[in-house]
Structure formats: structure tokens, C-alpha cells
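Dear colleague,

Please find the structure below, passed on for your use. My notes on its pockets, cavities and side-chain pairings follow it.

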Amino acid sequence: MERDRFSLKESRSKIYGETQTVAVRAATDIPFDKLETRSVDERDAALTAALIDLIAHAKNASAYYGKAFADIAPQEIAGLNGLARLPVTRKANLMALQRRAPPFGGLEAATLRLSRVFASPGPLFEPEAARHNYWRFARALWATGLRPGDLLHNCFSYHFTPAGVIMESGALALGAAVFPAGTGQTELQVQAASALKPVGYAGTPDFLRTILQKADEQRADLSCFRLAHVTGGALLQDARAFYAQRDIAVMQSYVTAELGLIAYESAAHEGMIVDEGVILEIVEPGTGTPVAEGEAGEVLVTVLNPDYPLIRFATGDISAILPGVSPCGRTNRRIKGWLGRADQTTKIKGMFVHPHQVAEVVRRHPEIDHARLVVARENGADVMIFKVETKNAGEVLAHAVEASVQAVTRLKARVESSAPGSLPRDGRLIEDVRDYGARS
């Protein structure tokens, strides 16, 4: 399979030089390795054995799991259903754990050979071990169509958060090259892409559109982009349509800074396929109790990572299992994609916005009686509208609130004022009204 996998460097022009969906599907439906086409029984047996080994390793090598699993015998975990016996570790608790036992809260293994340390908003710190394809992202980029010898224009940040390195490590593991473009600087992005002619883009769902539109203004030819892999935000229907008109094959993935790759889209565009390196559960939010297949619930992930063995890690994201297997031939379970947050948290332009941040803005302005952050879509871009009830509406307050929102969330918002009593009293501080379509 290794030889089969890397024999496709030929005919990039043959595969992508024509506007033929069948040709694209024929290339991307080739599995990355034999793991992707295992039978259900084979996969369950392998994951059960790996889970038992991981629990034993974490119990012995991690200070946190040594305590959390003190009364648990790994061999008593009979099958993947036995996961429900294990405690849940919540992302929301990581900050406190890391403050008590810096930098990683004691969750890391004593055997960790550290390569890099990253910091996400919170702050939350994430380790990267000195290991090939540590974030397991080669699989997702392969399904997108990236091949050895290709050049990937990587527009994820290389600073603080691991997004840029996650993409780069996956591309390098495939034998592809990477241009570390980073974020912003749209004109320079156009200049570089025009000169280097990368076949692929990696970044947030909307930034490639911004680059292409700037290229149109400058009459620069960026028809080199034939594929794109996006994450850090929802790939909404208007964005899908825009890229389809440009004949760019776009696929998305579900990835976090703690876990790496969780699930990825294939050319079938029917849900996201769970990565072979994780065990995924859908549970009742806040309880850890599994829900029936097809029901929406919170995503728990156990990552088979001996360096940072996160076990039953609650992401706070809502999704559901899709029945059956993907038409592309990959046999692992699929999820519907991102269906929201259990705690109202939402993501906009690659950044999480939390209810407590809305509350903090209100706290800074006593003139505000009540507030609600609405996340919407306007002219093909995400926007934040900070709606406030106040008796003192005016430009001075609006500008002050705008500044506070940007300081607290690191994102810009438009402030809209209304009379007291005009906003809903339904317990929600954040309302996401973007059209997710089928949320695949």
C-alpha cells in the first residue's frame, strides 16, 4: 500500500487540469493506507487493544491519569463500550489543571520528548512531541488530493497556536512542499502565489476567497489553485458555491490544538470520516453518557497518543454519527460535522468566542442593561453584531463597546443599540445565525 500510495505523483495536470469531478474522485478516493478500509470488526479489535495499552501507559507515565485511573484496571475495559466507565476530562478544566501543574497539567507522559510548545487563547498550552506526523494530518491532506511534489500555500498562523505547524507537518509527511504564508497580507499572498503556482491552499474557509478576489482586482492568474483544505471555522454554503465556480476542490476537517486531527472530509462530501488515530464518542452534554447513533450530543475524543494521552476528552462541540460508511470507500464512522457548542461558544474567523467574554464586555459598561452577540454572514464573510439594551444609546457608547469587544475577543463587531426589554431573555448570550446548510 505504501508504494501504491505514493505512485500518484504523476499527472497532476491530468487529474486536475480538467473540470471532471470523476477524475478528482478517482484520485482522492484512493485510501491513504490499509487502516482506512478495515472491516468494522478489525478496527474495533485493534482500537480496543490500543485503548487497553494506552490506559496502562497513561496510568503509569502521567501524573494526572495516575490519580484519575487509580482504581481502574486496564484489562477490565472490555471493548470500546467500556470507555463509559472512565472519567471525562473537560477542555474547560485544562486551564486550571495547567495552572496547578504547569505547563500541561500533568496530563503529559513522562516519556514525552518535547519538540515545540504552543499557546491557544486562555491561555492553554499544547505540546508537540518530536515525532513524525505528530498531528496525524497527512491523512486529511491526502484525502483532499495533495500528493508528493505538490506545493501547499499554508495560510495558517505559525505563531502561538499550532495550526500552521499542524498543516505543514502533514504536508511534509506526504512528501509535499510548503510555502509558510501565514495570515493576512493579502497583496503579498497574491504575489507569492502568482510566482510560485501552488496547487493547494490551507487556511480558514474564507481567506482563500479574499486572496482570489484580490487577485481578480490585480488581474493576477491564480488558476494554479486546484484544491484547498480548510478548517478553523465552518465551510458554509456560499463559500462552497464560490469555490465550485472556480473549479477548486475544497474539503474541510475537524481539528483541535490539543488533539490534532479528529475527522476529515473526502471528495464524497458526505460527513466527516473519523481519523484512524482516535476513538470518538457522542454523549449527552455534560454527562459522558453515550447517546443513540444519529442523535446529537457532545464529542468526546480519546487520542492514541502516548506522548499526550488525552482520554475521553470533552471538546464542548456538538455533532452526531452518520449511519453507514462513506461512498469514497473509507470504512470508519462518520460525523455530521460541527453542529454547535454545548456551552454556546462559537468560532468566527478561526477564533473561539465564549459567553463569558460577552459578560465581560457588559461588565465594563454599566450603561448596558442586557446584551446578545449575534454571529451572522454578510457578503460572504462572517460578522459579529453586538446587540445591547441601553437607555444611553449614542455614538460614544457604541465606539466604547466596539473597542471593548475587540479587546476582549480580538475580533471586531458592529454595535447595535435598542431600548430595554427588546432582546430575548432565553439564557443565550451568543446566537449563531449563519446558514450551515446540511452541516456536512
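How do the residues of the lining of the second largest pocket divide into nonpolar, polar and charged? In this predicted model, that lining is made up of 17 nonpolar, five polar and eight charged residues.

The second largest pocket

The volume of the second largest pocket is about 700 Å³. Its lining counts 30 residues, and those closest to the centre are Leu80, Asn81, Leu280, Ile321 and Arg333. Two or more lining residues come from each of helix 4, strand 11 (278-283) and strand 14 (321-322). Strand 11 contributes the most, with five residues.

Strand 11 is also the place of Glu281. The relative accessibility of Glu281 is 10%, so this residue counts as buried. The side chain of Glu281 is in polar contact with the side chain of Arg312, at 3.0 Å.

Cavities

The model holds two cavities of 30 Å³ or more. The largest share, five residues, belongs to strand 8. By type, the lining of the largest cavity comprises 12 nonpolar, 11 polar and seven charged residues.

The second largest cavity has a volume of about 40 Å³. Its lining consists of Val353, Gln357, Val358, Val361, Leu373, Phe386, Val405 and Thr409. Helix 12 (355-364) and helix 13 (395-409) each give two or more of these residues, and the largest share, three residues, comes from helix 12. In the lining of the second largest cavity, six residues are nonpolar, two are polar and none is charged.

Salt bridges

Side chains of opposite charge can pair when their charged atoms come close. The structure holds 30 salt bridges, and I describe several of them here.

Arg139 and Asp33 are joined by a salt bridge between their side chains, with an N to O distance of 3.0 Å. This pair links distant parts of the chain: Arg139 belongs to helix 7 (residues 138-144), Asp33 to the loop between helix 3 (21-28) and helix 4 (40-61), and the two are 106 residues apart. Arg139 has a relative accessible area of 7% and is therefore buried. Asp33, at 14% relative accessibility, also counts as buried.

A further salt bridge pairs Glu265 with Arg240, whose closest N and O atoms are 2.8 Å apart. Here too distant parts of the chain are linked, since Glu265 sits in the loop between strand 9 (260-264) and strand 10 (272-274) while Arg240 is in helix 11 (residues 237-245), 25 residues apart. Glu265 and Arg240 are both buried.

Arg334 forms a salt bridge with Glu270, and the closest N and O atoms of this pair are 3.9 Å apart. Arg334 lies in strand 15 (residues 334-335) and Glu270 in the loop between strand 9 and strand 10, so their pairing ties together parts 64 residues apart in sequence.

Cysteines

How many disulfides does the structure hold? There are zero. Cys155 is in no disulfide, and the nearest cysteine sulfur, which belongs to Cys224, is 12 Å away. Cys155 counts as buried because its relative accessibility is 4%, and the cut-off for buried is under 20%. Cys224 is likewise in no disulfide, with the sulfur of Cys155 as the nearest cysteine sulfur, 12 Å away. At 15% relative accessibility, Cys224 also counts as buried.

With kind regards

Terms used:
Residues numbered from 1 in each chain as written. Predicted model: local features only at pLDDT ≥ 70, side-chain atom pairs only at ≥ 80, totals over all residues. Heavy atoms only, no water. Salt bridge = Lys/Arg side-chain N within 4 Å of Asp/Glu carboxyl O. Helix = DSSP H or I, 4+ residues; strand = E, 2+ residues; numbered from the N terminus. Buried < 20%, exposed > 50% of the residue type's maximum accessible area, 1.4 Å probe, protein only. Disulfide = S-S within 2.5 Å. 1 Å grid on protein atoms, 1.4 Å probe; cavity = no way out; pocket = protein on both sides within 12 Å on 5 of 7 lines; lining within 4 Å. Points joined across faces, edges and corners; volume = space filled by probe spheres on them. Nonpolar A, V, L, I, M, F, W, Y, C, P; charged D, E, K, R; others polar. Polar contact = N/O pair within 3.5 Å; in protein donor to acceptor, adjacent residues only side chain to side chain.
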